[in-house]
Structure formats: C-alpha cells, structure tokens
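Thanks, everyone. Please bring the model up on your screens, and we'll walk through a few local features.

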Amino acid sequence: MLGANAWINVDKNMKHLYETVADTVIAHIEQGVYKPGEKLPGVRKLSQQLHVSISTALEAYRMLEDSGRIQARLRSGYYVSGFRRQAIVEPEVSDAPVTPAKVTGQSLTRQILRAAKDPYQINLGSSVPHADFLPTRALQQATGKVSRTFGKRCFDADELLGNQELRRQIAKRMVELQCADSPDDIVVTHGAREAVRLALMAVCEPGDLIAIESPTFYGLLQVIESCGMEALEIPTHPRDGLSLDALQMAIEQWPIKACLIVSNYNNPLGSCMSDERKQALVALLEKHQIPLVEDDVYGDLGFGLRRPSVCKAWSRNGQVLYCNSFAKTLSPGMRVGWLVPGRYMARVENLKYMKHQAVPTLNQLIVAHMLEQGGYDRYLRHVRQEYARNVALTVNAVSLLFPEGTRVTQPEGGFALWVELPTGVDAMELHRRASLENIIIAPGPLFSATQKKYGNFIRLSCAVPWNDRVEKALKKLGDIARDLLAENR
C-alpha cells in the first residue's frame with residue numbers, strides 16, 4: 001500500500017506535486033509492491049492515500065502512462081506495464097574524427113527505404129510515422145471543409161512563396177517560440193528537405209564545408225550530397241547535443257561555411273540542446289559569422305509539458321535559417337514545410353523562383369485550416385503520449401532482449417532510438433539477416449557521411465504501433481545479435 005507520508009519531506013519548490021506522486025508510485029513498483037500486470041490503486045484511492053487532489057493523482061498517472069511505466073485499461077483502471085525496467089546505460093558522446101568528408105554511399109539508404117515500403121515487413125527502420133499515428137480522420141474532415149469553402153481555388157496555383165493564410169498561421173507559432181517573424185518572412189516548401197536545401201544553397205557554394213552532428217539523419221546527408229558540399233562531423237552527446245568545444249576547435253582548424261543541426265530530439269540520437277547550450281551555439285557561430293541552419297522537425301513531439309526552445313530565438317543578426325515541416329506530425333505525404341531564412345530572404349526567394357515549384361494549394365489550405373481550428377494542437381496532445389509510451393516500451397524491450405552490454409538512448413521526445421550493440425555485432429550484417437526475417441532496421445553506418453562509422457550501432461523507429469509482432473521482432477533482433485556476437489568471439 002502507498003503510505004500516506006511517503007513524500008512528506010519533499011521540497012515542493014523543486015518539483016510539481018504530480019511528479020512527486022509519480023515518483024512515489026515508481027518507487028513502489030521498483031520495490032516490488034506492485035508487479036508487472038498488477039492493478040494500481042484507483043485515482044480516488046491514490047489521492048486519499050497521498051493526501052493530494054484527484055486532479056494531481058490523475059496527472060501523475062497520466063505522466064506514468066506517457067512514459068510507458070503503467071497502462072490504462074478502459075473501464076478497468078491503471079496497471080503496471082508488463083515490462084520490468086532494467087538498468088539502462090546510454091551510449092557515450094560520439095567520437096567522430098573531425099575531418100572533412102564527401103558524402104558517399106547513399107544508394108544503400110534508398111535500398112533500405114524501398115524495402116521498408118513492403119507491407120509484409122515489420123518496419124523498425126523508417127523515420128516516417130505509421131499511418132496509425134496520423135490524424136487521418138481530422139485531415140479527411142479538413143479536406144472536405146476546405147474543398148467546400150474554397151472551391152476551384154484549391155486547384156489553382158498559389159503564390160510561389162506560399163499561401164498567405166498558411167504563412168500567417170505559421171507566423172503565430174513562430175511568435176510562440178519567441179521569434180518575431182511576419183508572414184512575409186516565411187517561405188513554404190516541399191517538406192523540410194527542400195527547406196534545408198534552399199538554406200544551404202543560400203549561404204554556401206558547391207565544395208563548401210558544412211559542420212553537422214554525428215551521428216546525423218541520413219536525409220540531411222543526402223541534401224548535402226545533392227548540393228555538392230562536404231560534411232564535417234562533430235561529436236554529439238545523446239542528451240546534450242552537439243559538442244560546443246569540438247565545434248570551437250573545428251572552426252579554428254577548418255573553413256566551415258555553415259552549421260546544420262537538429263536542435264530538438266534529433267534523429268537518431270534524440271538529443272535536445274538546453275536553452276543555455278542553444279544560446280551559446282548561436283553566440284559562437286555569430287562571433288565567427290557562420291550561418292546556422294536549424295532543422296526543428298521533431299520539436300513539437302516532446303513528451304514534457306514545455307515545448308523546447310529554438311536556436312533562432314537567440315539570434316540577433318538573422319544568421320539562423322529555421323527549417324520545419326508537418327511531415328513528422330500531420331502527414332508525410334502532403335509535403336508541407338517551411339523556411340524562415342532571416343537575412344538571407346532575398347537569396348532564398350531568388351532560388352525558389354529559379355529552381356523550385358510552389359507547394360500544392362490544396363495541401364497548404366488543409367494545413368492552414370488544421371492550425372487555425374486547433375486540430376493540430378489537439379492531435380499533438382494525443383500523439384505525444386503515444387510516442388512516449390512506444391519509446392518507453394521499446395527501451396525496456398531492448399534492455400531485456402538484446403545482448404548484455406547493449407546501450408540505448410532514452411530520448412524525451414521524437415520517436416527514434418539509437419542502440420549501441422556490443423563490439424563484435426556488425427550492424428550491416430544484422431540488417432541483412434533481419435531482412436531475411438522480414439524485419440527492417442537502419443544500420444548505424446547510414447548516419448555518417450562516409451558510412452565508415454557506427455559499425456555496431458542501429459537506429460530503431462518507435463513510430464509503429466506496439467503489438468506482439470513488434471515485440472517478437474525485437475526478440476528476434478536480440479537473438480541475431482547474440483549469434484553474431486558468438487560468431488566473432
């Protein structure tokens with residue numbers, strides 16, 4: 001039973017009360033008072049036991065549900081999750097050698113992406129959310145509403161820089177991020193990749209050197225490759241993000257022309273830079289007059305109560321080019337993103353007119369409607385809980401089912417996990433053998449410019465519905481990893 005005085009001496013200024021209640025429940029679970037699968041006290045009973053309000057007890061349970069520690073069952077109550085939490089160790093900061101490299105070998109990425117489209121595969125390798133995580137019904141309703149309201153305009157060409165109403169709605173969200181941008185400061189793009197490409201082309205030339213996180217999302221490497229530029233990989237911490245000390249040394253040694261990062265819940269690490277580190281990064285780059293291209297596609301998918309800040313909020317001279325997209329949230333297929341290019345607006349506008357096309361009008365109007373009517377925020381409140389649960393369940397499964405010595409990140413947002421396997425487990429061979437079992441993963445070398453690093457790492461996607469097939473697939477991955485480990489001893 002949860003004791004009435006379990007947290008009587010807690011300093012309430014240090015934590016929200018519901019967090020303290022949640023910690024108390026976790027302590028009893030870890031002590032074995034409540035076992036996996038066992039029912040917990042009801043909300044009213046918990047509030048009486050700990051002398052808190054019903055709303056505080058409910059918020060504590062919701063927090064534990066979001067983290068995957070407990071499960072809510074309709075008309076039944078709350079139960080301890082079926083997994084026992086194991087001692088989980090995160091990977092260390094990456095030790096990427098800071099030397100320039102051309103981006104190569106991206107054809108393998110395309111092969112894996114094609115395989116991931118096979119409906120018979122258990123897709124743990126793609127960074128695209130499964131359809132079950134998308135607000136399909138809300139989008140269908142919005143499509144009907146927009147079609148009736150705007151009629152023929154839905155199929156007419158809109159402004160090349162983007163629909164004015166959509167840009168106005170985006171500008172409102174930028175204000176919430178402490179960025180005073182008007183609709184005229186925003187360019188609507190074909191997803192975040194076009195935004196990043198436009199940003200890089202606006203501040204760099206072919207052959208220029210781009211500082212990037214390491215590991216980094218292979219999609220960003222593809223953009224750098226398509227622009228004819230070179231990558232300089234900077235060591236990155238699984239929680240804190242880009243190493244500022246390593247970046248400082250790289251700036252002193254190499255002619256870096258731009259820095260490209262995913263500041264919030266990056267892919268594959270899931271790291272999120274603190275406000276202080278974001279401010280320090282912007283100050284460092286502005287001191288050396290190096291533009292920062294900030295990709296924030298996962299920023300809306302944090303598991304906490306506060307949406308993380310963006311680097312752009314700390315910029316004072318317009319050298320941060322902010323990129324974002326609705327592809328990881330509303331719909332990957334609609335391809336609606338945006339770019340806030342700051343002082344480089346004229347260059348971006350010229351590039352857009354010369355080399356790029358306008359985003360389909362209907363898609364822009366649908367997104368604008370979702371933003372204006374609050375459907376986007378309602379959807380985010382739901383899907384954040386789903387991703388938090390899936391991430392927690394997958395972390396626990398990896399800790400139970402993978403070989404001893406495996407390390408895994410524990411991100412506080414997004415849906416990517418970076419898994420470090422024991423030395424001797426070759427990620428490419430693991431990928432090959434797993435594909436024979438209809439299981440798709442993303443091997444670590446894909447997340448490096450030359451594909452010569454992270455040979456014993458894999459990325460797992462938690463943007464797939466959790467079910468028995470997924471759990472069995474993770475067990476099979478663990479078994480294959482053990483076989484590889486035994487073969488290499």
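Gln178 sits in the loop between helix H6, residues 164-176, and strand S5, residues 187-189. Keep in mind that this is a predicted model. Look at the backbone here. Gln178 is not a glycine, yet its phi is positive, about 65 degrees. Buried or exposed, then, for Gln178? Its relative accessibility is 64%, and the cut-off for exposed is over 50%, so Gln178 counts as exposed.

Next, Gln289. This residue also has a positive phi without being a glycine, and the value is about 55 degrees. Find Gln289 in the loop between H10 and strand S10, residues 292-295. Its relative accessible area is 65%, so Gln289 is exposed.

Gln164 has 35% relative accessibility, so it counts as partly exposed. Which residues does Gln164 touch, leaving out those up to four places away in sequence? They are Glu159, Pro183 and Asp184. For a distance, take Gln164 and Ala180: 16 residues apart in sequence, 17 Å apart in space, C-alpha to C-alpha.

Asn163 is in the loop between H5 and H6. Its relative accessible area is 0%, so Asn163 is buried. Leaving out residues up to four places away in sequence, Asn163 touches Arg153, Asp158, Val188, Gln364 and Leu365. Asn163 and Glu372 are 209 residues apart in sequence, but their C-alpha atoms are 14 Å apart in space.

On to H5. This helix covers residues 136-150, 15 residues in total. From first C-alpha to last, H5 reaches 21 Å, close to the 21 Å expected at 1.5 Å a residue. Leu139, Ala142 and Val146 of H5 are buried. Why do they line one face of the helix? Viewed down the axis of H5, the buried residues fall within an arc of 60 degrees, so they share one face. They pack against helix H12, residues 361-372. The face turned away from the buried side carries Arg137, Gln140 and Arg148, which are exposed. After H5 comes Gly151, with a positive phi near 55 degrees.

Now two prolines. The peptide bond from Ser214 to Pro215 is cis, with omega near 0 degrees. Pro215 belongs to the loop between strand S6, residues 209-214, and helix H8, residues 218-226. The other case is Asn267 and Pro268, joined by a cis peptide bond with omega about 25 degrees. Pro268 is in the loop between strand S9, residues 256-262, and helix H10, residues 275-287.

Next, a helix pair. Two packed helices are described by the angle between their axes and the distance between the axes. Which values do H13 and H15 give? H13, residues 375-401, and H15, residues 468-487, pack at about 35 degrees, with their axes 9 Å apart. The crossing of H13 past H15 is right-handed. On the H13 side, the contact is made by Thr394, Ala397, Leu400 and Leu401. H15 brings Glu471, Leu474, Lys475, Gly478 and Arg482. By class, the contact residues divide into 4 nonpolar, 2 polar and 3 charged.

Last, H15 itself. At 1.5 Å a residue, its 20 residues should span 28 Å, and the end C-alpha atoms are 29 Å apart, which agrees. Its buried residues are Val470, Ala473, Leu474, Leu477, Gly478, Ile480, Ala481, Leu484 and Leu485. Down the axis of H15, they fall within an arc of 165 degrees, so they line one face of the helix. What covers that buried set? The cover includes strand S4, residues 122-123, H13, and helix H14, residues 427-436. It also includes strand S15, residues 439-440, and strand S17, residues 457-461. On the other side of H15, Asp468 and Lys472 are exposed.

One recap before discussion. Gln178 and Gln289 are exposed, and Asn163 is buried. H5 packs its buried residues against H12, while the cover on the buried residues of H15 includes H13.

Methods. Residues numbered from 1 in each chain as written. Predicted model: local features only at pLDDT ≥ 70, side-chain atom pairs only at ≥ 80, totals over all residues. Heavy atoms only, no water. Helix = DSSP H or I, 4+ residues; strand = E, 2+ residues; numbered from the N terminus. Expected span 1.5 Å × (residues − 1). Buried < 20%, exposed > 50% of the residue type's maximum accessible area, 1.4 Å probe, protein only. Arc of directions from axis to C-beta. Contact = heavy atoms within 4.5 Å. Axes fitted to C-alpha atoms, helices over the stretch in contact; angles between N-to-C directions. Left-handed = near helix turned anticlockwise from the far one by under 90°. Nonpolar A, V, L, I, M, F, W, Y, C, P; charged D, E, K, R; others polar.
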